[in-house]
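Subject: Structure handover and findings

Hello,

Here is the structure I promised to pass on. Please open it alongside this note.

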Amino acid sequence: MKRLETNIGSWQAFPCDAPCPLWLRICLTLPLAIALASTVACAKGTSANAANAAPNSELKSQSTAATPAPETAPSAAAAPDNAPLPHIDAKRAFQYTREVTAFGERYMGNENHKKLERYIIDHLKGDQVEDDAFTADTVEGKFPVRNIIAKFPGTKDGIIVILGHYDTNYPLRNTGYVGANDGGSSTAILLEYANQLRGGAAGKKRDGYSVWLVWTDGEEAVKTWSATDVLYGTHHLAEKWEKDGTLKKIKALMVMDMIGDADLDILRDTNSAPWLLDLIYAAAERLGYQSHFNAYEADIQDDHIPFVKRGVPSADVIDLDYGYHNVFHHTPQDTMDKLSPKSLEIVGDTTLETIHLLDQR
Ligand SMILES: [Zn+2]
């Protein structure tokens, strides 16, 4: 059991009961929260203020991830251009979420997980697909882990990686937990990205960087979140990509997690590269979605961390305010009725626009 304490008055830390794969530490004081609430519609403009706000040093010191080196970061957001704004098929993405969730609990290696693996692979027919499969030795025994990678080659030298986990929590098996938002929405949005990226004639490269989509496995803890019981898939993948030289080619990496909440509030994760968050927020602003990309900051431990630790410019796109005080997170209440196609559309369009902005660099 881990419950984070804060000294910020009525602005409480979100409950994060074991097994929690994400440590959230709110770095706001109550007055600042009030101040930000009044300026949230201009997220990009207020982000610098939030970043400069005095954090709770005790909580901050618990952070395990380093902020990526700013000297390697590109400068300000790309200048506006006349390219058409992207538009995902949100209805289809929502239907994917429904179908993924309908498999039920999907912890590493169980039958539903295997069905979901086949479901993902079936949607990637004709695409360049690779596996990163291995056996994880955990406190609960051995589990098969399988990251599924779809590659969409581009004309530019470099790779943009989008990650989203598809497993659900082993400790929540037999509780009725189906992870519609946590695991379902991330799986589905990546399937829709594949639809958007493949377009054009077979074998034709996209005009920009290569984009690799990774459905990650073993994101959740098998017992209780700790340095050794979490992020099984991405720890393995980051190590593998470090050895084979792939990491050096990654221009940007973005994680999608819990992005289907009908009440969508994306936060600024303090472990993410600030320039990449700025670019995502600039993309959201172009689309008129800026009110969903908030200025408040939190220390989020998610699938980007193994890459952040290796110096890859990374960002976590996550809404960890799922229900009042995050009450639906990791509970059987994480069901389809809490989600909306609009939220998938907001995150989906913003991510595709971010890819477009990255391509311009
Ligand atoms: Zn989770």
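**Ground rules**

This is a predicted model, in which local features need pLDDT of at least 70 and side-chain atom pairs count only at pLDDT 80 or more, while totals for chains, interfaces and linings use all residues. Residues are numbered from 1 along each chain as its sequence is written, and side-chain values use heavy atoms, with hydrogens and water left out.

**Overall**

The protein has ten helices and eight strands. Both are DSSP runs numbered from the N terminus: helices are H or I with at least four residues, strands are E with at least two. Of the 361 residues, 59% are buried. Buried means under 20% relative accessible area, exposed means over 50%, and partly exposed is in between (1.4 Å probe, protein chains only). Take the contacts with a separation of 6 or more: 80% of them join residues 24 or more positions apart. Contact means heavy atoms within 4.5 Å.

**Helix 10**

Helix 10 covers residues 341-359. Its 19 residues should span 27 Å at 1.5 Å a residue, and its end C-alpha atoms are 27 Å apart, so the two agree. The expected span is 1.5 Å times one less than the number of residues. Helix 10 is mostly covered, with 17 of its 19 residues buried.

**Helix packing**

Two packed helices are described by the angle between their axes and the distance between the axes. Axes here are lines fitted to C-alpha atoms, for helices over the stretch in contact, and angles run from 0 to 180 degrees between N-to-C directions.

Helix 4 (residues 90-102) packs on helix 10 at about 115°, with the axes 8 Å apart. That makes helix 4 roughly perpendicular to helix 10. The classes are: under 35 degrees roughly parallel, over 145 roughly antiparallel, 65 to 115 roughly perpendicular, the rest oblique. The crossing of helix 4 and helix 10 is right-handed. Handedness is right if the near helix is turned clockwise from the far one by less than a right angle, left if anticlockwise. Helix 4 brings Ala90, Ala93, Phe94 and Thr97 to this contact, and helix 10 brings Pro341, Leu344 and Glu345. By class, that is five nonpolar, one polar and one charged. Nonpolar covers Ala, Val, Leu, Ile, Met, Phe, Trp, Tyr, Cys and Pro; charged covers Asp, Glu, Lys and Arg; the others, Gly among them, are polar.

Helix 4 also packs on helix 6 (residues 180-198), at about 135° and with axes 8 Å apart. That makes helix 4 oblique to helix 6. The crossing of helix 4 and helix 6 is right-handed. Among the residues that meet are Ala93 and Thr97 in helix 4 and Ser185 and Ala188 in helix 6. The contact of helix 4 with helix 6 divides into six nonpolar, seven polar and two charged residues.

Helix 8 (residues 274-287) crosses helix 10 at roughly 115°, and their axes come within 8 Å. This crossing is right-handed. The contact includes Trp275, Ile280 and Arg286 of helix 8, and Asp349, His356 and Leu357 of helix 10. Its residues are nine nonpolar, three polar and three charged.

**Single residues**

Leucine 344 sits in helix 10. It counts as buried because its relative accessibility is 2%. Beyond neighbours within four places in sequence, leucine 344 contacts Ile88, Ala93, Phe94, Thr97, Ser185, Ile189, Ile259 and Gly260. Aspartate 261 is 83 residues away along the chain, yet the two C-alpha atoms are separated by 8.5 Å.

Aspartate 81 lies in the loop between helix 3 (57-60) and helix 4. It is partly exposed, at 29% relative accessible area. Not counting residues up to four places away in sequence, aspartate 81 touches Arg286, His356 and Gln360. Aspartate 81 and leucine 357 are 276 residues apart in sequence and 9.4 Å apart, C-alpha to C-alpha.

Now the backbone. Most residues other than glycine have a negative phi. Leucine 231 has a positive phi of about 50°. It is in the loop between strand 4 (206-216) and helix 7 (232-243), and is buried at 2%. Histidine 325 also has a positive phi, near 55°. It is in the loop between strand 8 (314-318) and helix 10, and is partly exposed at 25%.

Best wishes
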